[in-house]
Amino acid sequence: MMESPFKSDIFMNRVALVTGGSSGIGFEIARQLGLHGARVAVSGRRQDVLDTAVAALGADGITAVGLQGDVRSAASCEAWIDSLKQRWGPGLDVLVNCAAGNFLATAEELSPNGFKTVMEIDALGTFNMSRAAFPALRASRCPHGAAIVNISATLQYGATWWQAHASAAKAAVDSITRSLALEWGEFGVRVNGVAPGPIEGTAGMAKLAPGAKEMVQSTIPLRNQMGRKFDIAMAVVFLASPAAAFVSGDTLVVDGASWMWRPQLVERSGVSKASRGVEGKSRAVGLAAAGAANNPTSKL
Ligand code: COA
């Protein structure tokens with residue numbers, strides 16, 4: 001098991017809710033919040049998956065509850081908050097909006113309902129859940145305020161093949177992060193995001209890059225290694241913790257610098273030779289030009 005660099009009690013007496021927390025990255029986020037002392041609620045659509053997740057969290061000594069429903073339904077989100085209120089009191093300290101949907105589809109084959117479905121899970125779901133949770137977040141007794149962390153992506157920074165729907169949805173999520181940070185700061189609610197890059201062992205890798213692990217790894221500048229669910233969870237723990245007490249409205253990219261990757265036009269081993277060669281000439285031209293400017297009679 002990887003060891004957290006954070007103190008194990010930083011979320012003691014805190015309540016956290018992680019949507020999409022019954023599997024994948026969301027589950028690891030829930031687990032790490034729990035291992036740092038929080039009581040954790042995970043929401044999801046499938047009761048059997050929720051039951052398995054709650055049992056696994058319990059086995060790690062975490063007080064956990066599963067909340068069945070769908071973030072696309074405002075009524076679901078409100079019911080979850082009511083249920084938490086009855087169980088653990090009125091305050092919610094950490095909300096992680098992690099529920100998301102995605103698949104590969106060319107734009108011409110993507111149906112309007114396919115586009116709408118992903119927009120509704122990611123963007124509307126983030127809004128529905130945050131809106132429903134707002135009174136409980138305001139009621140947080142956490143001295144450094146309550147925190148929302150929205151799980152985003154990097155595919156919308158430029159454009160990503162076969163991801164028109166998810167790119168639009170995650171751009172909307174990033175926008176919601178900034179808007180809520182602006183509007184809810186006065187109530188002590190911080191709102192941030194985490195944008196994961198390629199993370200090993202996730203539905204995202206299986207669905208979005210099937211059979212392309214090596215190719216993906218070759219585009220990750222940081223040691224050509226994929227991220228781990230743990231890396232994303234640690235970023236969430238940081239943003240929800242007092243260490244980020246003055247951080248709001250930002251989305252932290254956790255991707256080993258992969259979204260910036262471009263093919264090298266010149267290989268590392270050839271950079272100096274190529275550069276000095278070109279610069280040698282241009283320096284002579286530059287000096288000659290400067291000399292000519294200072295001395296109009298120069299024959300150079
Ligand atoms: N390619 C193209 N269109 C697809 C598709 C695919 N692989 N999968 C679903 N769709 C379309 C459907 O055809 C449907 O559109 P239509 O009514 O015009 O035919 C629309 O999307 C909704 O599909 P449906 O299966 O009814 O939606 P759902 O709400 O049951 O499931 C998904 C939502 C499709 C996002 C599903 O993949 C899901 O639940 N994902 C959650 C897990 C996940 O994706 N995590 C993120 C990993 S990166």
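Me: How many bridges join strand 4 to strand 5?
Reply: Four bridges join strand 4 to strand 5 (residues 146-151), and the two run parallel. Strands pair if DSSP finds at least two bridges between them; strands (E, at least two residues) and helices (H or I, at least four) are DSSP runs, numbered from the N terminus. This is a predicted model, in which local features need pLDDT of at least 70 and side-chain atom pairs count only at pLDDT 80 or more, while totals for chains, interfaces and linings use all residues. Residues are numbered from 1 along each chain as its sequence is written, and side-chain values use heavy atoms, with hydrogens and water left out.

Me: Which residue of strand 5 stands opposite Val 96?
Reply: Val 149 does.

Me: And which strand does strand 1 join?
Reply: Strand 1 (residues 15-19) is joined to strand 4 by four bridges, again in parallel. Ala 16 stands opposite Val 94 there.

Me: Which way do the residues of strand 4 point?
Reply: Val 94 and Val 96 point one way, Leu 95 and Asn 97 the other, and all are buried (under 20% relative accessible area; exposed is over 50%, partly exposed in between; 1.4 Å probe, protein chains only).

Me: What unit do strand 4, helix 4 and strand 5 make?
Reply: They make a right-handed β-α-β unit, with helix 4 spanning residues 112-138. Right-handed means that, with the strands pointing away from the viewer, the path from the first strand over the helix to the second runs clockwise.

Me: Changing topic, where is Ser 43 found?
Reply: Ser 43 is in strand 2 (residues 39-44), and is buried, with a relative accessible area of 1%.
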